[in-house]
Amino acid sequence: MLNAGKPLSKDSNPGVWPRGPSSCHNEGASTKCPSGQRALTMACPGLLLQGLTEDEDVRAMLQGSRLCKIRSRTWHKERLYRLQEDGLSVWFQRRIPRAPSQHIFFVQHIEAVREGHQSEGLRRFGGAFPPARCLTIAFKGRRKNLDLAAATAEEAQRWVRGLAKLRARLDAMSQRERLDHWIHAYLHRADSDQDSKMSFKEIKSLLRMVNVDMNDMYAYRLFKECDHSNNERLEGAEIEEFLRRLLKRPELEEIFHRYSGEDRVLSAPELLEFLEDQREDGATLAHAQKLIHTYELNETAKQHELMTLDGFMMYLLSPEGAALDPAHTCVFQDMGQPLSHYFISSSHNTYLTDSQIGGLSSTEAYVRAFAQGCRCVELDCWEGPGGEPIIYHGHTLTSKILFRDVVQTVRDHAFTLSPYPVILSLENHCGLEQQAVMAHHLRTILGDALVTQGLDTQNPEELPSPEQLKGRVLVKGKKLPAARSEDGRILSDQEEEEEEEEEEVEAAEQRRRAKQISPELSALVVYCCATRLRTLRPNPVPPQPCQVSSLSERKAKKLIREAGNSFVRHNAHQLTRVYPLGLRMNSANYSPQEMWNSGCQLVALNFQTPGYEMDLNAGRFLINGQCGYVLKPACLRQPDTTFDPECPGPPRTTLTIQVLTAQQLPKLNTEKPNSIVDPLVRVEVHGVPADCARKETNYVLNNGFNPRWGQSLQFQLRAPELALVRFVVEDYDATSPNDFVGQFTLPLDSLKQGYRHIHLLSKDGASLSPATLFVHIRVQRF
């Protein structure tokens, strides 16, 4: 019979206590590997494959397949592709051998696997192969698609099904499972002679692989403490003990013991006390009990509603223990307000995969933009041969794609991840005849999804809402005046280039009048009528909700400086699109934050160019189900708002972040074993100009595995509702710029308080799991 409170202690029931990483477990379960088999060590393929090793598709992938890689009409090369035993990576053959890291791709970096001729490459170059034998592996970030053809339809299906199973298993893995898998994959690699035993030399190799340069004397002492057989080799349970010591989290143990007391287990009331100190919303005893039943690994402890250190770590490494509020990861905002009340994820030169001078144009760039939550894409339309309009960056060496193919891509991919409306921003350089062809393609390909007339229930004084326009496509372009709609009025919807000198304005106007717009295309412009914004009045009367202005970043910044509050009020009821200066030849981006501060909705960026600007964009649209629409703060929605981003008022919020530790940071140079990172952490606040700040910790020498800082960084905020917080890890270098290691960006209002893990992302936005930061966050509002 157990006493009330905390009846279970380490002395009374040692079986309850945390297992080492030798256990093969799922969340909420405590299942050991079969006796005589070392759990997760070199002899096992890995956690990802557990439950899949007998799967026929996965077994075929482990054996490997000779697949034909297709890059052009004439470049078809047969290569061997084989799933690695870790279940996380696929090795592939190259004609010219390269570094080992150049011969693999990772399952977690796959965006999608498509069957048949469902990529631009296979549609253009795969005609010699039946669709049933073809598949495309599309990757996150900038990596090119992998277009493949198998020898048989069944072999192609094995890879399609097998990759789907592996991706589903990976998505279902807890952070703790990912960590166990990660360390054992390196363990397998470090066992150079594959004898399932680890010499001290192999242990040192393992340590370098996992990004830690441990003192030889300390490493050897740790090695000998685990070498119970005293034969200078670790095996079986000795290896597991070494890994358990290596993976210890003293800072988590300290927090755990602070609340658990002497018996070293957390009762539900003690866990509730921790949750209340975390300022956790909805912290109740019932919630604490639910967390125990969800994350505790030991069945005995779970039955008595107790949480061990292992369960506590599982909780803190889960999405519920992350810095991002889980409640904000689904659509939680009011989607029934006018379109002008939302920030809308927007892309510039969407068709480009590289620079705007000589880069490749591709329909795949649209697919990738939609996969990142983009809701406004650009179509730069020009006269094409055979009466078919084309899309490319005019007067440059960029390649060309058919307008028709892009519209088909919109139809097939625009609503895969988000149901909310897509805006096609047309930059029209075509004559009347091909404009009519454009209108025909839009109507016939998009069908009922295309908005061709106003909604019956719509208030004419405001734009419809994202909810009303679910699954619909809007066209943004020039519209003929009603009285002149039959003969095609001379107009142009080419983006303004405000950087032109004043004396050239008249000549520029004459050039603009060199084009006409067809009635057929004009009829498709309903809610997004492109209009030039010349001046701003303090109180524009009457509002023109269906007019959209396109501004270069330079013109937008000028309005922000000179018009301030008037620009904010304008954006409360009308859409404004901002785009990068044409001088950015390498498709570089500008910071979108300044535009969001003034309520600009369509802040268009080059999605193909990674950098902090795209990190901010991803952070802004990380919330609300990543649907591409985020409700603007109230101060940017009210028609009579007095808000001015240049004069936001006194500080209202203090943000304090204590950077505690990091875990399993990636090696930057995997080909150099002795290359170990010297990490530092920088915290940046991006908001109104008065709130923008960046502060950083000291660097830790030669430790990317478990560096410790314990430094506090504090920020004063005047407009917290607009602020984004960006956590950046860099590799310190005294003689050259620091190297980027990982980052994570999110809105301040979605930042949870207390002890939190931050799950780091790569430059391309891919997960760096199991790499994390561990911080304590405090937000004080006054």
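# A guided look at one predicted chain

In helix α7, the buried residues are Glu 238, Ile 239, Glu 240, Glu 241, Phe 242, Leu 243 and Leu 246; "buried" means under 20% relative accessible area, "exposed" means over 50%, and "partly exposed" lies in between, with a 1.4 Å probe and protein chains only. The model is predicted, so to speak of local features requires pLDDT of at least 70 and side-chain atom pairs count only at pLDDT 80 or more, while totals for chains, interfaces and linings use all residues. Residues are numbered from 1 along each chain as its sequence is written, and side-chain values use heavy atoms, with hydrogens and water left out.

**The whole chain**

- The chain contains 21 helices and 31 strands; these are DSSP runs numbered from the N terminus, with helices being H or I of at least four residues and strands being E of at least two.
- Of its 782 residues, 57% count as buried.
- The chain has an accessible surface of about 32900 Å², and 49% of that belongs to carbon and sulfur atoms; such areas come from the Shrake-Rupley method with a 1.4 Å probe, and for residues only the protein chains shown count as cover.
- Take the contacts between residues at least 6 apart in sequence: 68% of them join residues at least 24 apart. A contact means heavy atoms within 4.5 Å.

**Around helix α7**

- Helix α7 spans residues 237–246 and is mostly covered, with seven of its 10 residues buried.
- Its buried residues pack against α4 (175–190), β8 (197–198), α5 (200–209), α6 (216–226) and β9 (234–235).
- Leu 207 sits in helix α5 and is buried, with a relative accessible area of 1%.
- Leu 207 and Leu 246 are 39 residues apart in sequence, and their C-alpha atoms are 9.4 Å apart in space.
- Setting aside neighbours within four places in sequence, Leu 207 is in contact with Val 212, Met 214, Ala 219 and Leu 246.

**The largest nonpolar core and strand β31**

- The largest nonpolar core has 94 residues, and Leu 379, Leu 442, Leu 655 and Leu 773 touch the most other members. Here a nonpolar core is a set of buried Ala, Val, Leu, Ile, Met, Phe, Trp, Tyr and Cys residues joined through side-chain atoms within 4.5 Å.
- Strand β31 (residues 767–781) gives the most to this core, with six residues.
- Beyond its neighbours within four places in sequence, Leu 773 has contacts that include Thr 661, Val 681, Trp 709, Phe 727 and Ile 758.
- Pro 770 is placed in strand β31, and a cis peptide bond with omega of about 15° joins Ser 769 to Pro 770.

**Two helix pairs**

- Helix α14 (residues 403–413) and helix α15 (residues 432–446) have axes that come within 10 Å and cross at roughly 25°; axes are lines fitted to C-alpha atoms, for helices over the stretch in contact, and angles run from 0 to 180 degrees between N-to-C directions.
- That angle makes α14 roughly parallel to α15. Angles under 35 degrees count as roughly parallel, over 145 as roughly antiparallel, 65 to 115 as roughly perpendicular and the rest as oblique.
- Residues making the α14–α15 contact include Phe 403, Val 407 and Val 410 of α14, together with Met 438, Leu 442 and Ile 445 of α15.
- Helices α8 and α9 (residues 268–277) pack at an angle of about 120°, with their axes 9 Å apart, and are therefore oblique to each other.
- In that pair, Ile 255, Tyr 259 and Ser 260 of α8 meet Glu 270, Glu 273, Phe 274 and Asp 277 of α9.

- Most residues other than glycine have a negative phi, and most peptide bonds are trans.
- Arg 264 has a positive phi, near 60°, and is not a glycine.
- Arg 264 lies in the loop between α8 (250–260) and β10 (266–267) and is partly exposed, with a relative accessible area of 35%.
- Gln 626 also has a positive phi, about 50°, although it is not a glycine.
- The loop between α21 (612–620) and β23 (629–631) holds Gln 626, which is partly exposed at a relative accessible area of 47%.

**A buried serine**

- Ser 89 belongs to strand β3 (residues 89–92) and is buried, with a relative accessible area of 4%.
- Ser 89 and Ile 104 are 15 residues apart along the chain, with their C-alpha atoms separated by 6.3 Å.
- Not counting residues up to four places away in sequence, Ser 89 touches Arg 82, Leu 83, Gln 84, Phe 105, Phe 106 and Val 107.
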